[in-house]
Amino acid sequence: MSADSSASYEVPFTWTPFQLLSGAWKKRLVAFRVDDQGVTLGGAPARYERQTAFVPWRDIEAVVLWQQDTAALTPMRYVGLRRRAGAPALPGPNSDLTREQTGRLAPHVDHEVFLASRHINLWALDRERLAEALRTFAPRVPVEEMANPAEH
């Protein structure tokens with residue numbers, strides 16, 4: 001793998017009122033990062049330290065893009081990771097969800113992928129930059145798009 005840090009792809013969260021009021025505005029919180037070591041999935045801004053997870057390349061089989069239908073006009077978009085069997089559990093906003101809960105929320109998404117996913121909220125995913133970083137650091141790791149069966 002290349003150590004070219006310029007090919008790293010990092011997206012910070014947009015400033016939130018919580019950050020501004022708590023003084024955390026001095027530190028940019030990373031929502032998502034791809035680099036030579038692996039992928040960082042940022043935690044929710046209010047619980048950032050407890051929910052942020054780093055996943056090394058040896059544990060990643062694919063980067064997965066998916067959507068969850070909601071009552072809103074637009075679905076919630078996610079980026080997640082398909083990880084190797086036996087990879088350690090990750091902290092995160094979804095970590096306490098049961099298989100039954102994830103099956104109800106997004107039946108088209110594997111439970112383990114759901115747990116290793118982050119909602120694309122307060123930041124934007126650049127698919128081209130993601131693909132470039134994967135080509136540089138993990139050319140064998142594909143990007144999978146999971147279509148929601150309700151959309152077909």
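Let me start with the lining of the largest pocket, which by class has nine nonpolar, six polar and one charged residues, where Ala, Val, Leu, Ile, Met, Phe, Trp, Tyr, Cys and Pro count as nonpolar, Asp, Glu, Lys and Arg as charged, and the others, Gly among them, as polar. What we have here is a predicted model, in which local features need pLDDT of at least 70 and side-chain atom pairs count only at pLDDT 80 or more, while totals for chains, interfaces and linings use all residues. Residues are numbered from 1 along each chain as its sequence is written, and side-chain values use heavy atoms, with hydrogens and water left out.

The protein chain has five helices and eight strands, these being DSSP runs numbered from the N terminus, with at least four residues of H or I for a helix and at least two of E for a strand. Along the sequence they follow the pattern β-α-β-β-α-β-β-β-α-α-β-α-β. Of the 152 residues in the protein chain, 42% are buried; buried means under 20% relative accessible area, exposed over 50%, and partly exposed in between, with a 1.4 Å probe and protein chains only. If we take the contacts with a separation of 6 or more, residues 24 or more positions apart account for 57% of them, a contact being heavy atoms within 4.5 Å.

Back to the largest pocket, which holds about 220 Å³ of space and is lined by 16 residues, with Ala44, Pro93, Arg118, His119 and Asn121 lying nearest its centre. Strand S6 (76-83) and strand S7 (117-119) are the elements that give two or more residues to this lining, and S7 provides the largest share, three residues. A pocket here is an open set of points on a 1 Å grid over the protein atoms alone, where a 1.4 Å probe fits and protein lies on both sides within 12 Å along at least five of seven lines, and lining residues have an atom within 4 Å of a point.

A polar atom of the Gln51 side chain lies 3.0 Å from the backbone nitrogen of Ala44.

Now the cores, meaning sets of buried Ala, Val, Leu, Ile, Met, Phe, Trp, Tyr and Cys residues joined through side-chain atoms within 4.5 Å. The largest nonpolar core has 31 residues, and Phe32, Val34, Trp57 and Trp123 have the most contacts inside it. Among the elements that give it two or more residues are strand S2 (30-34), strand S5 (60-68) and helix H5 (127-137). Beyond residues up to four places away in sequence, Val34 touches Ser8, Tyr9, Val39, Trp57, Leu130, Ala133, Leu134 and Phe137. A second, separate core of eight residues includes Tyr78, Ala106, Val109 and Phe114.

Asp35 sits in the loop between S2 and S3, and it counts as buried because its relative accessibility is 9%. A polar contact of 2.8 Å joins the side chains of Asp35 and Arg33, where the term means a pair of N or O atoms within 3.5 Å, one able to donate a hydrogen and the other to accept it, with residues adjacent in sequence counting only if both atoms are side-chain atoms. Leaving aside neighbours within four places in sequence, Asp35 is in contact with Ser8, Trp57 and Phe137.

Two further residues deserve a word. Leu105, in helix H3, is partly exposed because its relative accessible area is 38%; leaving aside neighbours within four places, its contacts are with Gln68, Leu97 and Phe114, and its C-alpha atom is 7.0 Å from that of Gln68, 37 residues apart along the chain. Asp110, in the loop between helix H3 (99-105) and helix H4 (111-115), is likewise partly exposed, because its relative accessibility is 35%, and it touches Arg82 and Met146, not counting residues up to four places away in sequence.

I end with Leu122, in the loop between S7 and H5, where phi is near 70 degrees, a positive value in a residue other than glycine.

Notes: Points joined across faces, edges and corners; volume = space filled by probe spheres on them.
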